[in-house]
Amino acid sequence: MTGTTDRLPGRPALSDPSDWLEAGFPELDAIPATHGIHVEERLVDDTFELQAELPGIDAEEIEITVAEGCLTVRAERSGETTDQGAAIFHYGHFTPLPPGARSDEATAECEHGVLTVTMPVREAATGIRSIPVRRPLSVDAP
């Protein structure tokens, strides 16, 4: 090998970033995978609702936390046992909550692989105030 990279005819000298994604990142293979969760969020009639698809996950395997205005959903399930041991799948998602969300009044239920988290949202004091802009005082020359 000469140290140069063979290119397909008509392809640019630098590869397309989508090619990088298709090739994957072998360095990350050693890190336990965290799979994304399909999530839908909506704010309807002063209620925040999050629905997450978690097929094959029991309610006892789901952890929901709220910290600093961010809702986090985590789940873990074991797969088939192979020669290398049991396969463990980690799932995770986090989302910022709308201002005024009352996490202390939140409810969650999981039915048929769909997790639903709801919480009331009250009008929140934004803590925003307007500051008028003045022109600087001009010093008139005598």
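At 34% relative accessibility, Glu105 counts as partly exposed. That label covers values between buried (under 20% relative accessible area) and exposed (over 50%), with a 1.4 Å probe and protein chains only. The model is predicted: local features need pLDDT of at least 70, side-chain atom pairs count only at pLDDT 80 or more, and totals for chains, interfaces and linings use all residues. Residues are numbered from 1 along each chain as its sequence is written, and side-chain values use heavy atoms, with hydrogens and water left out.

Stay with Glu105. It forms a salt bridge with Arg122, and the closest N and O atoms are 3.1 Å apart. Glu105 sits in the loop between β6 (85-96) and β7, while Arg122 sits in the segment after β8, so the pair ties together parts that are 17 residues apart in sequence. A salt bridge here means a side-chain nitrogen of Lys or Arg within 4 Å of a carboxyl oxygen of Asp or Glu. Arg122 is partly exposed, at 42% relative accessibility.

Glu105 also forms a salt bridge with Arg102, where the closest N and O atoms are 3.6 Å apart. Arg102 meets Asp104 in a salt bridge too, at 3.0 Å from N to O. Arg102 is partly exposed at 31%. Asp104 is exposed, with a relative accessible area of 56%. Together, Arg102, Asp104, Glu105 and Arg122 are linked in a network of salt bridges. The structure holds six salt bridges.

Now step back to the whole chain. How many helices and strands does the protein chain have? It has one helix and eight strands. Along the sequence, the pattern reads α-β-β-β-β-β-β-β-β. Helices (H or I, at least four residues) and strands (E, at least two) are DSSP runs, numbered from the N terminus. Of the 142 residues in the protein chain, 14% are buried.

Next, follow the strand pairing. Two strands pair if DSSP finds at least two bridges between them. Strand β2 (residues 39-44) and β3 pair in the antiparallel sense over six bridges. β2 and β3 form a hairpin with two residues between them. In that turn, Asp45 has a positive phi of about 50°.

Strand β3 (residues 47-53) also runs antiparallel to strand β8 (residues 114-120), and seven bridges join them. Strand β7 (residues 107-111) runs antiparallel to β8, with five bridges between them. β7 and β8 make a hairpin with two residues between the strands, and His112 takes a positive phi near 55° in that hairpin.

Look at the two faces of a strand. In a regular strand the side chains alternate between the two faces of the sheet. β3 has a covered face, made of Phe48, Leu50 and Ala52. Its uncovered face holds Thr47, Glu49, Gln51 and Glu53.

Asp58, Glu60, Glu61 and Glu76 form a negative surface patch. Patches are made of residues with over 30% relative accessible area and no salt bridge; like charges are joined within 9 Å, and nonpolar side chains (Val, Leu, Ile, Met, Phe, Trp, Tyr) within 5 Å. Asp and Glu count as negative, Lys and Arg as positive, and His and the chain ends are not counted. A charge is placed at NZ of Lys, CZ of Arg, CG of Asp or CD of Glu. Accessible areas come from the Shrake-Rupley method with a 1.4 Å probe. Glu61 lies in the loop between β3 and β4 (62-67). Glu61 is partly exposed, with a relative accessible area of 30%.

One more residue, Arg77, is found in strand β5 (residues 70-82). Arg77 is partly exposed at 25% relative accessibility. The C-alpha atoms of Arg77 and Ile57 are separated by 6.6 Å, yet these residues are 20 residues apart along the chain.
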